Amino acid sequence: MPDRPSSKMVQPPLLAMQGVKKTFANGLLALDGITLTLPGDPQFLAVLGPSGCGKSTLLRIAANLDAPSEGSVDWPAFAGMGEQGSGLNLGYVFQEPTLMPWATIFDNVRLPLRIRGLSGSKVSDRVMEMLGRVGLRDFARSYPCELSGGMRMRASVARALVTEPRLLLMDEPFAALDEITRAKLERDLLGLWLSSRFTIVFVTHSVFEAVFLASRVIVMTPRPGRIAADLKIDAPYPRTEEYRTSTSYIAQCREVSEALALAMSEDHSCA
Amino acid sequence: MRIGFDTVAPFAVGALFIGVWQAAVQWYELPPYLLPSPLKIAETLVSDFPTLLPSWLFTLKITVLAFLAAAVGGLGLSLLLTSSRLLERSLFPYAVILQVTPIVAIAPLIIIWAKDTTLALLICAWIVAFFPVVSNTITGLNSTDPNLRDLFKLYGASKWQTMLWLRLPSALPYYLAGLRISGGLALIGAVVAEFVAGTGGTESGLAYRILESAYRLRIPRVFAALVLISVTGLAIFAALSLLSNRLLRHWHESSKA
C-alpha cells in the first residue's frame with residue numbers, strides 16, 4: 001500500500017519499492033509484490049511478521065544487498081550520489097552485532113569512514129562522539145569479546161550511525177538480548193532517533209516492540225511475504241516507560257495483533 | 001605463583017619414561033649397540049657435540065629456509081588461488097598431488113635435477129611443508145562472516161580493502177594453524193631428503209650423521225642425533241605456538257585459557 005503522494009512533500013522519498021518479488025534459486029518465493037514508499041521525512045517504520053516471511057529479504061533489497069527478481073527499487077533521495085550501493089548513505093544493523101573480532105571497538109566503529117577513505121583527527125573525534133552517544137566511550141580500546149551482548153549491539157548501532165545516514169535498516173537487532181537489556185536499548189535507540197532525525201526500518205517479530213518504537217507498522221503475511229496492513233501508531237514521542245503501561249499502548253497493541261492474526265489467517269489459502 | 005599439576009605432568013611422564021629405560025638397560029645389561037641407556041646417550045651428546053653441531057646447524061638451516069619459503073609461498077599461493085574460482089579449481093588438485101606423492105619417491109629425481117644438494121634438499125622440504133599452509137589459508141580466506149562481507153559491500157569497499165581489512169584478518173588463525181603443522185613438516189622433509197641424498201655434497205646434516213653412525217654401529221650417536229632432531233621439532237612448535245598466541249590473544253578462541 002503506497003503512501004499517497006502529497007503535494008506538500010518537498011523531499012524526494014528515501015526508498016520506493018514497486019511490485020517487488022523475490023524468488024530464490026531453489027524456487028522459494030520469499031516476497032510477493034511488495035509496494036512500499038519511505039517518505040523523505042524521518043519516520044520509524046517497524047516491519048512486523050512471523051519468522052520466515054521474508055522480512056530480512058525485504059531489508060536486504062532495501063539495502064541493495066540483493067536484487068529483486070521482479071519489480072523495481074529506487075532510492076530517489078540518494079540520486080546523484082554515485083553508483084548504487086557505494087553511494088547509498090545508509091546504515092545496517094544485523095541480528096548479530098557482526099563486529100570484527102580482531103579490531104577494537106574504536107576501529108570497528110571507524111570502519112565505514114575508513115572504507116570511504118576518511119582519516120585524521122576529525123574522524124577520531126566523530127568516532128569517539130558516536131561511542132559517547134551509545135555509552136561506550138570508555139570501551140573504545142576494548143575488543144568485542146570483552147564486551148557483553150548488549151554493549152556489542154550498541155557498538156554495532158554506533159558503527160551504523162557513524163556515517164550520519166538518512167536511513168537506518170535494522171534486522172531484529174535486539175532479538176537475541178535479554179528483556180532488561182532490550183528495553184534499555186529500545187529507549188536509547190528512540191533517544192538517538194529523536195536527536196538525529198533519520199528514518200529507521202526496524203524488522204521485528206514482537207508486536208510490543210513494534211508498537212513501543214514505531215510511528216508506522218507494516219504487517220506482513222507468512223511466506224510468501226506480502227504487506228497485509230500499514231498502520232500508524234499515533235502516540236507522541238518521546239515515549240517513556242509509562243507509555244508501555246498506558247491504555248493507548250495497549251489499544252494499539254491490540255489493533256496490531258489483530259492485523260497480524262488476520263495476516264496469519266491468509267496463510268490458509270496458499271498453504 | 002602456584003605451579004599447577006598440569007604443568008608438571010608432562011615432565012613427570014618424561015622422567016618416568018627415562019627412569020624405566022635406564023633401569024631396564026642396567027638390569028638386563030643391554031649392550032649400547034642394541035639400546036644405549038639415557039645416560040650413555042647424554043654422554044655421547046656431550047662428547048660428540050663438536051661433530052654433531054655443524055650437522056645440526058645444516059639441518060636447521062634447511063628447515064628454517066624451507067619453512068620460510070612455505071610460509072611466504074603458501075600465503076602467496078593461497079591469495080592467488082582464491083583470487084579466482086577458475087584458478088583454484090584448476091590448480092588446487094595439483095597441489096594435492098604434490099602433497100600425496102611420497103617425498104622419498106621424488107627426492108632422488110629432485111637431487112638429480114637440482115644444481116646443488118642444498119637446493120635439492122630445500123625443494124624437498126618445501127614440498128612437504130607448503131601444503132598445510134595453502135590448504136588452511138584458503139579455508140580461512142573463504143570463511144569470512146557473510147554478514148561482515150555484506151557490510152563491506154554495503155559501504156562500497158574495494159577488493160583491496162576487503163582483502164586487507166576483512167579476509168586476511170579472518171584467515172589469520174587458519175594461517176597460523178597451518179604454520180604450526182608446516183614447521184614440523186619442514187623438519188621432517190629436510191631430514192627425509194637428507195636420508196635420500198645420502199653422502200652427496202660436502203655439507204651433511206643430522207640425517208647423514210645418523211646413517212653414518214648406524215653403519216659404524218655407533219648407536220649412542222644415532223640416538224644423540226635423534227635427540228637433537230626432537231628438540232628442534234619441539235622448539236619450532238613452541239615458537240610458533242607462542243607467536244600464534246601473541247597475535248590472537250585478544251580475539252580468537254584458540255588462544256584463550
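These legends go with close-up views of a predicted model. Residues count from 1 along each chain as its sequence is written, while chains are lettered from A, and ligands numbered from 1, in the order in which they are written. In this predicted model, local features need pLDDT of at least 70, side-chain atom pairs count only at pLDDT 80 or more, and totals for chains, interfaces and linings use all residues; side-chain values use heavy atoms, with hydrogens and water left out.

**View 1. The six-stranded sheet of chain A.** This open, mixed sheet runs β5-β6-β7-β3-β8-β9; strands count as paired if DSSP finds at least two bridges between them. β5 (90-93) and β9 (227-232) of chain A sit at the edges with a single partner strand each, so one side of each has no neighbour in the sheet. From one strand to the next, the twist averages 15°. Inside the sheet, β3 (residues 44-48) and β8 (residues 216-220) of chain A pair in the parallel sense over four bridges, and Leu48(A) has Val219(A) as its bridge partner in β8(A). Helix α7 (residues 247-265) of chain A packs on the sheet, touching β3, β8 and β9 of chain A (contact means heavy atoms within 4.5 Å), and its direction makes about 25° with that of β8(A). Axes are lines fitted to C-alpha atoms, for helices over the stretch in contact, with angles from 0 to 180 degrees between N-to-C directions.

**View 2. The three-stranded sheet of chain A.** Here the open sheet goes β2-β1-β4, with antiparallel pairing. β2 (29-38) and β4 (70-74) of chain A are the edge strands, each pairing on one side only. β1 (residues 15-23) of chain A and β2(A) are joined over seven bridges in the antiparallel sense; Thr23(A) has Leu29(A) as its bridge partner in β2(A). Lying across β1, β2 and β4 of chain A is helix α1 (residues 55-62), running at about 130° to β1(A).

Notes:
Helix = DSSP H or I, 4+ residues; strand = E, 2+ residues; numbered from the N terminus.
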